[in-house]
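Hi,

Here is the structure I said I would pass on. Have a look at it first, and my notes follow below.

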Amino acid sequence: MRNILNGAINLMDAKTVYQTLTNFDSFKSLITTLISMAIAATLTYKIVLFTLKKEVRLFKNLKTKIQVFDPPNKYNKNMQIECDEIDNNPLFNKTIRFSDADPRHRNSIGTKSLIILGYGDDFTFFETIFNKATDYEIPVIIYTYGDSRALEQKHFDLLNKYRWYSVCNTPIRLISDVFTILSTFTFK
């Protein structure tokens, strides 16, 4: 009888040990699952927050003031059609267009602006507007009304002193540059 009791006790100990190990394994699996879920939740949160910040910046930038300086030029063209296209696009803010070569317009340039500067006959006006934009370190798009050779060496000498400019000569390129700059440039 003693052997039977000792065997039963040993069997109970083996069952207890087995049950304890099974419970420990289940507990370990539960902890591993919870840790994995916490890491996944943290990564998801970081990715969503990163994406949200980028989207908020994009939508703020797309609402940046777009100022168009459209002085008289040798082509007798203006940027009315291009401005209308930008204004009709729901992504962009309405343009503010200055269609004369009055240098006082430079006072309207601010830190949260995108400047579109049409090629005109008056280099002094071009230089005045361009220099004011460089003072604020904001992007400038030079529009040449379809003439890829309109800019002279004095224009390029001025442009090459600044890094945030683009020269375009077609309407589709103008709209493309506006979107690209507004979606990537970090305004102060």
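**What I found**

Strand β1 is largely enclosed by the rest of the structure, because four of its five residues are buried (buried means under 20% relative accessible area, exposed over 50%, and partly exposed in between, with a 1.4 Å probe and protein chains only). Helices (H or I, at least four residues) and strands (E, at least two) are DSSP runs, numbered from the N terminus.

Before you go further: this is a predicted model, where local features need pLDDT of at least 70 and side-chain atom pairs count only at pLDDT 80 or more, while totals for chains, interfaces and linings use all residues. Residues are numbered from 1 along each chain as its sequence is written, and side-chain values use heavy atoms, with hydrogens and water left out.

**The sheet**

So where does β1 sit? It belongs to an open sheet of five strands in the order β2-β1-β3-β4-β5, with parallel pairing (two strands pair if DSSP finds at least two bridges between them). At the edges are β2 (95-98) and β5 (165-168), each pairing on one side only. On average, neighbouring strands of this sheet are turned by 20° against each other, direction ignored. For angles like this, axes are lines fitted to C-alpha atoms, for helices over the stretch in contact, and the angles run from 0 to 180 degrees between N-to-C directions.

β1 covers residues 65-69 and is joined to β2 by four bridges, the two running parallel. Gln67 has Ile96 of β2 as its bridge partner, and Val68 has Arg97 of β2. With β3, β1 pairs in the parallel sense over five bridges; there, Phe69 is partnered by Leu117.

**The helices**

Helix α3 (residues 123-136) lies across β1, β3 (113-118), β4 (140-143) and β5, and it runs at about 165° to β3. Contact here means heavy atoms within 4.5 Å.

In helix α2 (residues 80-88) you will find Ile86, which counts as buried at 1% relative accessibility. Leaving aside neighbours within four places in sequence, Ile86 is in contact with Ile66, Phe92, Asn93, Thr95, Ile116, Ile175 and Val178. Ile86 and Phe179 are 93 residues apart in sequence, yet 9.7 Å apart in space, C-alpha to C-alpha.

Then there is helix α1 (residues 2-62), which holds Met37. Met37 counts as exposed, at 53% relative accessibility. With Phe24, Phe27, Leu30, Ile31, Leu34, Ile35, Ile39, Leu43 and Ile47, Met37 makes a nonpolar surface patch of about 1,000 Å². Patches are made of residues with over 30% relative accessible area and no salt bridge, with like charges joined within 9 Å and nonpolar side chains (Val, Leu, Ile, Met, Phe, Trp, Tyr) within 5 Å. Areas come from the Shrake-Rupley method with a 1.4 Å probe, and for residues only the protein chains shown count as cover. A salt bridge is a side-chain nitrogen of Lys or Arg within 4 Å of a carboxyl oxygen of Asp or Glu.

Most residues other than glycine have a negative phi. Glu137, in the loop between α3 and β4, has a positive phi of about 55° and counts as partly exposed at 37% relative accessibility. Tyr145 has a positive phi near 55°; Tyr145 lies in the loop between β4 and α4 (153-159) and counts as buried at 6% relative accessibility.

Cheers
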